[in-house]
Amino acid sequence: MPEDLGKMTDLSPEDKERLTLTGLEVEMKNRSGSFFQVDQEIKQWTSLEKGIEVLPIAEALRKYAWLSAYSWNLVQKDKDQYTRFVADQPEPAGFAIIARKGTKTIYPLQACLFLARTPVQHVHNVIIAEEGAELHLISGCASASYKKSGSHIGVSEFYVGRGARITSTMIHNWGEEISVFPRSAARVEEDGVFISNYVCMQPVKKVQMAPFVDLAGRNAIGRFSSVVVCTPGSFMDLGSTARLSAEGASAELVTRAITTGGTIISRGMIEGASRETKGHIECRGLILRDGVIHAIPEIKGNVVDTELSHEAAVGKIARDEIEYLMSRGLDEDVATATIIRGFLDVRIAGLPDALQAQIDAAIDSAEKSGF
Amino acid sequence: MLEIEDLHVKIGEREVLHDINLHIREGETHVLLGPNGSGKTTLLRAIMGFSGLEVTSGTIRFKGKDITRLPIHERAKMGIGMLFQRPPTVSGLKLGKLLAVTSGERAGMVSEYARFLHMENFMDRAINLGFSGGEIKRSEVLQIMVQQPDFVMLDEPESGVDLENITLIGNAIARLLEKDVHIVNRKKSGLVITHTGYILDYLDADFGHVMCDGVFRCHGNPREILKVIKTSGYKECLACQKI
């Protein structure tokens with residue numbers, strides 16, 4: 001395994017800063033493993049945790065014949081033009097992470113996908129947490145400061161075994177002319193937990209994603225949260241779908257969306273397909289400057305004894321809230337920023353403190369630049 | 001401390017405060033009484049500088065400076081604070097976060113004040129979201145204690161609060177208004193709206209004012225006034241020709 005750590009540390013200070021904003025630790029502090037891909041070139045991969053393997057997907061497929069059953073299993077190759085594009089590649093890029101039975105990480109693994117020169121970056125990732133394993137992944141996706149246009153297509157398949165737990169936190173820092181098409185799906189077995197977080201506070205041309213989780217085992221839990229700020233010229237079509245397939249399964253989809261001039265479509269869908277299941281969708285949007293927030297929460301119950309609910313609210317900051325804080329001595333700008341920061345402050349149950357801190361840092365950084 | 005001269009305030013097209021004159025000196029606590037809808041809260045909001053009302057004439061002076069047109073936060077920075085009767089819910093914004101922003105050099109006192117008001121476990125809660133009546137008032141008092149204004153306006157601090165919490169809130173407000181300091185050395189002043197008068201058991205108010213239909217109808221000893229209102233209602237005040 002090449003220990004080519006110099007590659008990530010050799011980035012320009014500006015690009016290092018861009019990566020830091022996506023939650024990556026260039027120096028690998030408090031990280032249990034790492035994967036670094038620039039365009040289609042895999043620069044570095046390592047795992048410091050016994051029982052957890054981090055490998056380029058092509059190498060992993062060669063090494064483990066059984067892995068092919070997990071590849072293109074949850075995401076269909078012909079789902080759309082983007083999945084077909086990735087599937088047609090002769091040599092797949094991306095990573096496989098396998099957490100063996102009972103393995104638990106204290107520190108998260110980090111995956112850095114960096115778009116530098118090629119017009120398109122594509123990745124295919126397979127993440128497996130076997131029975132009782134616990135895996136925390138932070139994916140930092142960014143483009144180089146000099147990269148003005150391009151596309152990123154990422155296919156990710158998550159397998160959460162019985163009693164296992166995967167948290168996946170994705171923080172994006174693209175450019176104004178970069179388009180991004182993540183295609184993700186997860187399957188969660190009995191008593192498993194899948195937590196997926198998406199944060200994008202920086203300009204991007206287009207993001208289109210609709211991750212899907214099948215809560216296939218009894219008492220499986222799925223939580224999706226998205227925290228986004230959509231700047232003028234940006235278009236974000238974000239959605240997530242959870243299927244409550246087994247008794248006792250529950251799902252929660254939470255979105256905090258702010259537009260400062262861009263367009264956000266926030267979709268959420270929960271299907272209650274088994275008894276004693278629960279699901280809730282919450283979408284809250286703030287329109288700070290003229291832009292669009294289109295919330296489309298959907299709930300579908302197929303059986304008795306499934307409890308599904310949704311709430312969506314789009315609006316502006318209430319004047320009485322601003323004046324309330326002003327009466328405590330904050331000027332109008334600080335009062336407004338404090339309310340916005342609070343609005344974006346989503347506490348994610350079950351997320352390790354280190355990852356919550358990374359999400360907070362990404363939001364803090366956007367706050368400092370005045371959103 | 002506070003001098004209000006010939007103040008007229010309208011909301012929309014309707015004048016709701018007419019020719020209000022009020023002087024509150026350093027160390028004094030005044031009580032504002034009056035039936036619902038008489039304009040008491042509007043007066044407090046006008047002093048704080050809130051939108052939704054318009055001062056059409058008259059002046060509000062604080063510490064010798066005309067603040068009639070000053071923005072809310074500048075009045076707060078000069079030393080005016082307000083405890084709201086029904087503060088808004090600021091969902092998402094944690095109480096602890098707000099106190100961290102407003103406390104400044106008093107940051108070290110936040111935990112002590114929170115302990116005093118039994119609010120330690122509310123620091124990570126969104127402001128007023130799901131709070132009971134007593135919790136809202138304790139949160140309000142905590143914010144004011146952190147702010148330490150020289151002049152504090154209290155809009156029905158005891159409404160919706162159980163007896164146990166009234167004692168807690170009453171003691172906190174008394175501390176805020178330096179009731180433990182000799183009158184000669186007391187610097188903090190207050191203006192309190194109350195309907196029940198329970199809060200006066202903790203505050204030893206100096207002056208009382210009765211407002212009806214946007215005008216002051218009576219000034220005097222607060223306990224005497226309250227006794228009359230409790231016995232005969234506000235009709236006695238309306239009939240009174242003392243002013």
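A crossing of two helices is called left-handed if the near helix is turned anticlockwise from the far one by less than a right angle. Keep that in mind for the first view, and remember throughout that this is a predicted model.

**View 1. Two helices of chain B, α5(B) and α6(B), pass each other in a left-handed crossing.** Here we look at α5, residues 133–147, and α6, residues 163–176, both in chain B. Their axes come within 10 Å and cross at roughly 15°. Angles under 35 degrees count as roughly parallel, so α5(B) is roughly parallel to α6(B). On the α5(B) side, look for G134(B), K137(B), R138(B), V141(B), I144(B) and M145(B). They meet N165(B), L168(B), I169(B), A172(B), I173(B) and L176(B) of α6(B). What kinds of residue make up this contact? There are 8 nonpolar, 2 polar and 2 charged residues.

**View 2. Chain A and chain B touch each other.** Chain A brings 17 residues to the contact, and chain B brings 20. On the chain A side, helices α5 (319–326) and α6 (332–344) each supply at least two residues. Which of the elements of chain A gives the most? That is α5(A), with 6 residues. By type, the chain A side holds 6 nonpolar, 4 polar and 7 charged residues.

**View 3. V101(B) reaches across to chain A.** You can find V101(B) in helix α3 of chain B, which covers residues 95–103. Setting aside residues up to four places away in sequence, V101(B) touches L330(A) and T338(A).

**View 4. V160(A) sits in the largest nonpolar core.** This core has 179 residues, and I97(A) and V160(A) touch the most other members. Beyond its neighbours within four places in sequence, V160(A) has several contacts, among them A129(A), I166(A), A186(A), V188(A), V193(A) and F194(A). Charged partners are here too, including R165(A), R187(A) and E189(A).

**View 5. Q208(A) lies in a strand of chain A.** The strand is β12, residues 206–209. With 17 other C-beta atoms within 10 Å, Q208(A) is partly exposed. Leaving out residues up to four places away in sequence, Q208(A) touches F181(A) and D237(A). Now find I265(A), which is 57 residues from Q208(A) along the chain. The C-alpha atoms of Q208(A) and I265(A) are separated by 9.4 Å.

Key: Residues are numbered from 1 along each chain as its sequence is written. Chains are lettered from A and ligands numbered from 1 in the order in which they are written. This is a predicted model: local features need pLDDT of at least 70, side-chain atom pairs count only at pLDDT 80 or more; totals for chains, interfaces and linings use all residues. Helices (H or I, at least four residues) and strands (E, at least two) are DSSP runs, numbered from the N terminus. Two residues are in contact if their C-beta atoms, placed from the backbone, lie within 7 Å. A residue is buried if 20 or more other C-beta atoms lie within 10 Å of its own, exposed if 12 or fewer, and partly exposed in between; C-beta atoms are placed from the backbone. A nonpolar core is a set of buried Ala, Val, Leu, Ile, Met, Phe, Trp, Tyr and Cys residues joined through C-beta atoms within 7 Å. Axes are lines fitted to C-alpha atoms, for helices over the stretch in contact, and angles run from 0 to 180 degrees between N-to-C directions. Angles under 35 degrees count as roughly parallel, over 145 as roughly antiparallel, 65 to 115 as roughly perpendicular and the rest as oblique.
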